[in-house]
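Please keep the sequence and the model in view while reading.

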Number of protein chains: 4
Amino acid sequence: MTTSHMTTSQKIDCKNLILTMNLIADHVKEVARELDIENVSKTINELLKAKRVFVMGAGRSGLVGKSFAMRLMHLGFTVFVVGESTTPAVRDDDVVIAVSGSGETPSIVSLGRIAKEIGSALIVITSNTDSTLARMADVTVRIRGRAKNHIEGYLERHMKGEYRTLTPMGTTFEVSTMIFFDSLIAELMVLLDATEDDLRKRHSVFD
Amino acid sequence: MTTSHMTTSQKIDCKNLILTMNLIADHVKEVARELDIENVSKTINELLKAKRVFVMGAGRSGLVGKSFAMRLMHLGFTVFVVGESTTPAVRDDDVVIAVSGSGETPSIVSLGRIAKEIGSALIVITSNTDSTLARMADVTVRIRGRAKNHIEGYLERHMKGEYRTLTPMGTTFEVSTMIFFDSLIAELMVLLDATEDDLRKRHSVFD
Amino acid sequence: MTTSHMTTSQKIDCKNLILTMNLIADHVKEVARELDIENVSKTINELLKAKRVFVMGAGRSGLVGKSFAMRLMHLGFTVFVVGESTTPAVRDDDVVIAVSGSGETPSIVSLGRIAKEIGSALIVITSNTDSTLARMADVTVRIRGRAKNHIEGYLERHMKGEYRTLTPMGTTFEVSTMIFFDSLIAELMVLLDATEDDLRKRHSVFD
Amino acid sequence: MTTSHMTTSQKIDCKNLILTMNLIADHVKEVARELDIENVSKTINELLKAKRVFVMGAGRSGLVGKSFAMRLMHLGFTVFVVGESTTPAVRDDDVVIAVSGSGETPSIVSLGRIAKEIGSALIVITSNTDSTLARMADVTVRIRGRAKNHIEGYLERHMKGEYRTLTPMGTTFEVSTMIFFDSLIAELMVLLDATEDDLRKRHSVFD
């Protein structure tokens, strides 16, 4: 950073850091509690039936999608990330998974529209079940964004009413979705009777 | 997927999925509890003093590093991801952050060595404080990988002793590191007196 | 590849390969001959005045854009690739360069529209000066796609009238644009009095 | 750019730009003339026999590799770029193509070594047939880097002996390799009897 930086070291107690880690962990537990099992079950069935899976998202949601795609590959799925070099054309028997907290990310909305025109199944992971993406989806899985306990948690710390959002923009959605995806992998491992060793065999030898 | 897939839908109870979400959330709380505040404080001081920050990691650790780099940019830092197109040469007054669960990822070890030769500060985020990367680091932050309660949690579910790792390979490290980084952003927001609106102004208009 | 592959080796004379290399080289010379110097001059002036440069393109055009962005960084420009992790919000005093052979790539058209709304300068590199992107551009540089001599060249080889396009889809546009960009770098080196050594100093130490 | 920039527009004649385009085109023709047909023929045979193809390179060489991988996918090959999200583990019946002008890029040398340990075929595209990568390759294709006529061409323009390299670092290698790869695609199209339409069907619908 530039001008406003302190040049001498200071001891930092990291209280906000630890508070935020716990807030996020609590949020994840809440997301797990309120998960719509029926839609998640549909999602898993779509994945198991899919010939090929395509994952897409913008910004940090896109990175979370890539993390999921990598594990699907480890599990033996034929999976592609939209925007990477060797991703082929989507066909009507493919499953497309879109990740967008707001459900309104313009590039992902426009890609979702193309996927529906082609006739592929569209699964949307979003905080906003009333969004453009959710409305065009075959299956929508809602992952809560902002934590319910957001204001209270901070009020405790910022007694004088000075309030600051410590998980800016899509942070809680993105992190919760990453954990949701990794837990979906766990469910798939059991359903497909795959072990960690099965996954390790497909792990890039170059990393 | 290919041959072994079921072609008819089945109702899936998602118990393994929800179990895993809770295991990961508990793991994150444990990571928060055992965090070495002194090294995290040093990390923050290095970031605040840095002219430029470089982030690197392979595979899913690399994606988590990118998520962090994006938020540092939102906060106003001059930050680059090693391997992206416009990342310049590292200099001795730069800070390099390496993410590697094992601390032995060959490509990252070799990049870490180059960073030390140049004289830049090297911060290593790893599960393994006894690794090659940790040994060459100026500051090491340990993020526990495998959860302590891993075996117990699964034994409950897989009564007959049939044990399966539901968070394969680096999963818990990667997810915990993502949350650690996002919580580091929270701490930096307070230290730099930055609001969510300050971050939003730098958020890509194209996503 | 799969079924149709020959399993025994055969001696291949590479005549189509060498023909295509020469066709592309001739095409590049033709592109150089018909270059609109006035618009290229405007492009260079925009780059020299820009506080920051943003480059964007989809698919292979995007890769060519990244190659150019990397060299601009070597020359000392502050330059970002749209879609990479640490690319900030575009502002009105930035220059955005869009690469699209057809000038109709949906994602790039929609990003171009956003750039114009913000008020940044939009430079479009395209084969199609009558396209949506060209019409919204401040400066358009035309790089011819399909070669004039395409049909003749192949007729010679495929005597019996059997014609095949050996530079499929955007190939000639993409390759010509890469060479145009590298030659623009040469012009900038002279204008800024930069030597190869100046560029080398900024070259990633990690490659 | 920053301080040294002119703030008023100037008319630029683009002579260096046009000179460089022609120099590069001439260089490509020379590369075509001196191509070692036997090694290119071996390369094509390896590709046709391969179950899967992996492409790797750092920096601009990596971007050129991605361009090639994309076209191989359009042609129906099963192809991956090392470092992208869904790239699986390399096996002994895979073909790995490494792109490195110097043949000494540390990360690519180390990946090449891993590929050889696994037993996959290693094809190296390089300017330097005496390099570490070339020595471990099963097949090496040499693409000349610096142009023979480099000095003469510039002497003409820079009469007073003031010489400047207008194609800095790997520029001519990278551009020539891109054209070589695209021409290899042309050869494969003829061998596999594939038309432009066949390729278009696999082109990403999202670009």
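How many salt bridges does the rule find across the interface of chain A and chain B? The structure is a predicted model, and across this interface the rule finds 6 salt bridges. One salt bridge joins the side chains of Arg71(B) and Glu174(A), with a distance of 3.4 Å from N to O. Polar contacts also cross the boundary between chain A and chain B: 28 residue pairs, both members at pLDDT 80 or more, are found in such contact.

The side of chain A that touches chain B draws on several helices. Those giving two or more residues are α1 (15-33), α2 (37-49), α3 (59-74), α4 (106-118), α7 (171-191) and α8 (196-202) of chain A. Of the elements, α7(A) gives the most, with 15 residues. By class, this side of chain A divides into 43 nonpolar, 24 polar and 20 charged residues.

The extent of this interface can be stated in two ways. In residues, the contact takes 87 from chain A and 88 from chain B. The size of an interface is often given as the accessible area lost when the parts come together. For chain A and chain B, the area buried between them is about 7500 Å², with 64% of it on carbon and sulfur atoms.

The next interface to examine is that of chain C and chain B. Here 25 residues of chain C are in contact with 26 residues of chain B. The two chains bury about 2000 Å² between them, and carbon and sulfur atoms give 70% of that area. Across this interface the rule finds 0 salt bridges, whereas 6 residue pairs, both at pLDDT 80 or more, are in polar contact. On the side of chain C that touches chain B, at least two residues each come from α3 (59-74), β2 (79-81), α4 (106-118) and α8 (196-202) of chain C. That side of chain C has 16 nonpolar, 5 polar and 4 charged residues.

Attention now turns to the cavities. Which chains contribute to its lining? Residues of chain A and chain D do, among them Phe80(A), Glu84(A), Phe80(D) and Glu84(D). The strand β2 (79-81) of chain A and the strand β2 (79-81) of chain D each supply at least two lining residues. The largest share, 3 residues, comes from β2(D). By class, the lining of this cavity comprises 5 nonpolar, 4 polar and 2 charged residues.

Terms used
Residues are numbered from 1 along each chain as its sequence is written. Chains are lettered from A and ligands numbered from 1 in the order in which they are written. Side-chain values use heavy atoms; hydrogens and water are left out. On a 1 Å grid over the protein atoms alone, a cavity is a set of points where a 1.4 Å probe fits but cannot get out, and a pocket is an open set with protein on both sides within 12 Å along at least five of seven lines; lining residues have an atom within 4 Å of a point. Helices (H or I, at least four residues) and strands (E, at least two) are DSSP runs, numbered from the N terminus. Ala, Val, Leu, Ile, Met, Phe, Trp, Tyr, Cys and Pro count as nonpolar, Asp, Glu, Lys and Arg as charged, and the others, Gly among them, as polar. Contact means heavy atoms within 4.5 Å. Buried area is the accessible area (1.4 Å probe) that two parts lose on being put together, summed over both. A salt bridge is a side-chain nitrogen of Lys or Arg within 4 Å of a carboxyl oxygen of Asp or Glu. A polar contact is a pair of N or O atoms within 3.5 Å; within protein, one must be able to donate a hydrogen and the other to accept it, and residues adjacent in sequence count only if both atoms are side-chain atoms.
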